[in-house]
Each structure stands twice: as structure tokens, then as C-alpha cells.
Amino acid sequence: MLARVEFEGEDRVQRAHAQGRGVLFVTGHFGFWEIQAMVHALRLPPMAVLARVLDNRALNDLLEAIRTRTGNTVIYRQGTLRRVMRTLQAGQGVGILIDQHILSRDAIDVDFFDRPAATTTVVAALALRTGAPVIPLFALPIGHGRYRMIYEHPVDLPSGEGIDAVRELTQRCSAVLESYVRRHPELWLWMHRRWR
């Protein structure tokens, strides 16, 4: 599997892990998002991935087996925050998809393609609370069955506090994802209504 993968920016992940605060990896339903965590764990420390339980239990079990095959773990929504905090405190990585429309009180509107989009505040709240670096991660096809794992530069954490800092960091993360979708719109899989 690794023979088909090119890595770009893995030194950024190594430096982020060296800080000892864990790492928050952000991405969306873009490119090979399911494969990227698996391949990541073949070269770098495994991560926990946040997920919701699928309605089809057999499919959920199959997907969990695939997601954990290379040493990753899955954190489901029940008790999420405590488990994520423990994972970060242990210096490990957590992968979070940020392109879902969020209905809960944990959502904040940020611009996504020049329209307000209700977006999770979990990444920003965790990063601001723990100091964990936030690294956007993408797996892009490059032809002939090969793909590139791209670890972007860590997203700068705002200097402020409170809701303004949460909004600013959430906006910065969304802007990175938007830049990839703009370059490769055919790789963004979004069947739900992102904007409501």
C-alpha cells in the first residue's frame, strides 16, 4: 500500500507531535478521506477518528474494522469530548471531518464558499483549550492507482479567547478545506445539504 503513496509535509506532523499536546487533523469528505487515516498510521503515530454510528450495524462494523486495521481507534459521539481530551493529553492525534451541517449548539456560522455554513466548533474549542496543533490533511489521487498524502502547515491559532477566537479558528480551518475543494471540486463528496 505504501508503494502507491507519496507523502508531503509529514515533517510537520512530527514537529507537531513533538510538542506533546496531541494533534488535531482536520479534513472533509474530500479525496480519499477514509484511506488517509489508515495510510497515515503506517508511517506516523496512529490517530483516533471521530465518527457517527451508521444506521446499518453490519456496515458500521465493517467500516470500523477497516478504520482500525492499521492501529487507529474510532471515537463515536457518545462521550466524545472526554475521550478526545484523553487522547490529546496522551499526545496522540485525532481526525475530525469539518464539512457537515451541524444542528447542535456546538455549531457556529462561518463562510464556506461565500455562504454562512453551520460548522462544528469542536476543533477550535479543543485547540484553544489544549494548545494542540491543527493540521489539515488530504489524500489526493495522482493517477495510475497512486495518491498523495498532504499534511498542510498547521493552522495559526488566534491570540484571543472566547467565541471570537473559536469563530476565527473555525473560519481558518474551513478556508483551507474550501481552497482544496475549489482546486478539485470533483473530489468533494457531499450528498447532504451543507447550507440550510
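**Aromatic pairs and charges over rings**

**View A. Accessibility of Tyr147 and Phe32 in the predicted model.** Tyr147 has a relative accessibility of 7% and counts as buried, because the cut-off for buried is under 20%. Phe32, at 30%, counts as partly exposed, a class that lies between the cut-offs of 20% and 50%.

**View B. The ring pair of Phe30 and Tyr180.** The structure contains eight aromatic pairs. In the pair of Phe30 and Tyr180, the ring centres are 6.3 Å apart and the planes stand at 80°, so the arrangement is edge-to-face. Distant parts of the chain are linked here, 150 residues apart: Phe30 belongs to the loop between β2 (23-27) and α2 (33-43), and Tyr180 to helix α6 (residues 162-183). Phe30 is buried, at a relative accessible area of 0%. Tyr180 is buried as well, at 3%.

**View C. The ring pair of Phe32 and Tyr147.** The centres of the Phe32 and Tyr147 rings lie 5.4 Å apart with the planes at 85°, so this pair is edge-to-face. Phe32 sits in the loop between β2 and α2, while Tyr147 is in strand β9 (residues 146-151); the pair links distant parts of the chain, 115 residues apart.

**View D. The cluster of Phe30, Phe138 and Tyr180.** Ring pairs join Phe30, Phe138 and Tyr180 into a cluster. Over the ring of Tyr180 sits the charged end of Arg183, 4.3 Å from the ring centre.

**View E. Arg43 over the ring of Phe7.** Arg43 lies over the face of Phe7, and its distance from the ring centre is 4.1 Å.

Terms used
Residues numbered from 1 in each chain as written. Predicted model: local features only at pLDDT ≥ 70, side-chain atom pairs only at ≥ 80, totals over all residues. Heavy atoms only, no water. Phe/Tyr/Trp six-rings, centres within 6.5 Å; stacked < 30°, edge-to-face > 60°. Helix = DSSP H or I, 4+ residues; strand = E, 2+ residues; numbered from the N terminus. Buried < 20%, exposed > 50% of the residue type's maximum accessible area, 1.4 Å probe, protein only. Lys NZ or Arg CZ within 6 Å of the ring centre and 35° of its normal.
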